[in-house]
Amino acid sequence: MQVETTIHSFSLWHHFAHQPGFDCVTYADLAASLGFRGISLSLNNPDYRHLGGREPWRIDRLRDHLAGLGFSLEVDTSGTDPAHMAELLRVAARMGASSLRTYTRHAGTVEEMMAATARDLSEVAPLAADLGIVVVLENHEDFTGPELVRIVEAVDHQALKILYDYGNSQMVLEDPEAALEAVLPHVHSVHFKDHVMVRPEDAGKLTVAGVPVGEGFLPLDRLTRRLLDQGLRRITFENVWAYSAGIRPGRQPQPGVTLGEGSFRWLEPPFDPERIVLDQSRLPPERLVALEHEALLRGVQAFRAVLLRQGCDIG
């Protein structure tokens with residue numbers, strides 16, 4: 001089966017931050033050299049993060065460059081405030097993106113967050129449809145799979161789908177396979193990544209840590225098989241080496257989750273920085289860039305191996 005592979009700009013966040021001259025065009029060219037057929041680009045700050053600024057010429061330059069490469073584009077933001085979403089939807093349309101990823105920034109109880117998020121997205125879904133953009137709500141360290149589905153079903157609009165992240169359910173102590181089963185009928189996009197768990201005594205708190213793809217404990221083959229069987233044909237690779245996050249306050253292990261087992265297996269110290277970094281401030285910028293590049297290359301190789309095992313024709 002033919003599968004389009006794309007890469008997320010977070011995979012190279014240290015390059016964007018520390019490598020002189022590394023920008024969104026350089027990133028797209030690197031993606032092409034690695035055999036990807038599209039990119040996801042983070043616009044997730046007031047200056048449109050990895051685009052490099054808000055000026056229209058930046059939008060047009062990248063759009064034209066991606067057209068020359070024959071690349072697809074998805075873009076990211078966060079928050080569901082209707083005015084913010086309307087702005088980013090228009091930016092996404094001008095860039096030629098097919099989707100806009102977001103996640104909630106509302107506070108309060110889970111029920112209050114769900115209700116507020118659904119109200120916002122109900123307001124912006126018609127504009128997304130008019131612009132031909134799909135809004136994808138990510139399981140981003142905030143909601144379980146069933147909670148995310150309740151939001152999407154409350155909005156009940158064709159322009160709102162779900163982005164399933166392979167590992168983010170762990171931050172609410174939900175098994176990644178259980179999360180996928182809940183959201184599967186609504187999945188439009190995915191972030192393919194890998195994680196380990198780190199004990200509180202080793203990290204200062206119970207921690208989910210990103211590692212190069214293929215070097216963690218997520219069931220990458222099973223998750224991918226399930227998504228392919230559902231009909232997914234575009235998979236976004238995301239290198240999350242050196243990223244880590246704690247558990248969402250108030251969350252307890254969901255049914256089927258045992259800390260230290262399965263996807264929640266502990267990574268035992270000592271920790272090799274080529275695999276895991278919990279405190280980036282301990283490494284100089286040039287070392288972060290070098291290690292990130294090495295993690296990227298190993299991860300891409302492991303990513304392709306998973307897809308080939310699942311019978312994919314990678315493009």
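Predicted model: local features only at pLDDT ≥ 70, side-chain atom pairs only at ≥ 80, totals over all residues.

User: How many salt bridges does the structure hold?

Analyst: There are 21 salt bridges in the structure.

User: What makes R54 and E87 a salt bridge?

Analyst: The N to O distance between their side chains is 3.0 Å. The cut-off is 4 Å between a side-chain nitrogen of Lys or Arg and a carboxyl oxygen of Asp or Glu, so the label applies. The pair also links distant parts of the chain: R54 is in the loop between β2 (38–42) and α3 (56–69), E87 is in helix α4 (residues 82–95), and they are 33 residues apart.

User: Why are R54 and E87 called partly exposed?

Analyst: R54 has a relative accessible area of 41%, and E87 has one of 30%. Buried means under 20% and exposed means over 50%, so a value in between is partly exposed. That gives partly exposed for R54 and for E87.

User: What about R298 and E215, what makes them a salt bridge?

Analyst: Here the closest N and O atoms are 2.7 Å apart, and within 4 Å is what the label asks for. The two residues come from distant parts of the chain, 83 residues apart: R298 belongs to helix α10 (residues 285–309), E215 to the loop between β9 (207–210) and α9 (220–230). With a relative accessible area of 27%, R298 is partly exposed.

User: Over to the rings. How many aromatic pairs are there?

Analyst: The search of the whole structure finds 10 aromatic pairs. One of them is F36 with F237, a tilted pair.

User: Why is the pair of F36 and F237 called tilted?

Analyst: The ring centres are 6.0 Å apart, with 35 degrees between the planes. To pair, centres must lie within 6.5 Å; planes under 30 degrees apart would be stacked and over 60 edge-to-face, so 35 degrees comes out as tilted. F36 is in the loop between α2 (24–33) and β2, and F237 is in strand β10 (residues 234–237), 201 residues apart. Both F36 and F237 are buried.

User: And what makes F192 and F303 edge-to-face?

Analyst: The angle between their planes is 70 degrees, at 4.8 Å centre to centre. Over 60 degrees counts as edge-to-face, so that settles the label. F192 lies in strand β7 (residues 187–192) and F303 in helix α10, so the pair ties together parts 111 residues apart in sequence.

User: Are F192 and F303 buried or exposed?

Analyst: F192 is buried at 0% relative accessibility, and F303 is buried at 0% as well. The threshold for buried is under 20%. Ring pairs also link F36, Y164, Y166, F192, F237 and F303 into a cluster.

User: How do you know that R304 lies over the face of F36?

Analyst: R304 is at 5.3 Å from the ring centre of F36, and the distance limit is within 6 Å. R304 is placed over the face of F36.

User: Why is E123 called exposed?

Analyst: Its relative accessibility is 57%, and exposed means over 50%. E123 lies in helix α5.

User: What lines the second largest pocket?

Analyst: The lining includes Y103, H140, D142, M171 and R248. By class, there are three nonpolar, four polar and four charged residues. The second largest pocket holds about 170 Å³ of space.

Key
Residues numbered from 1 in each chain as written. Heavy atoms only, no water. Helix = DSSP H or I, 4+ residues; strand = E, 2+ residues; numbered from the N terminus. Buried < 20%, exposed > 50% of the residue type's maximum accessible area, 1.4 Å probe, protein only. 1 Å grid on protein atoms, 1.4 Å probe; cavity = no way out; pocket = protein on both sides within 12 Å on 5 of 7 lines; lining within 4 Å. Points joined across faces, edges and corners; volume = space filled by probe spheres on them. Nonpolar A, V, L, I, M, F, W, Y, C, P; charged D, E, K, R; others polar. Lys NZ or Arg CZ within 6 Å of the ring centre and 35° of its normal.
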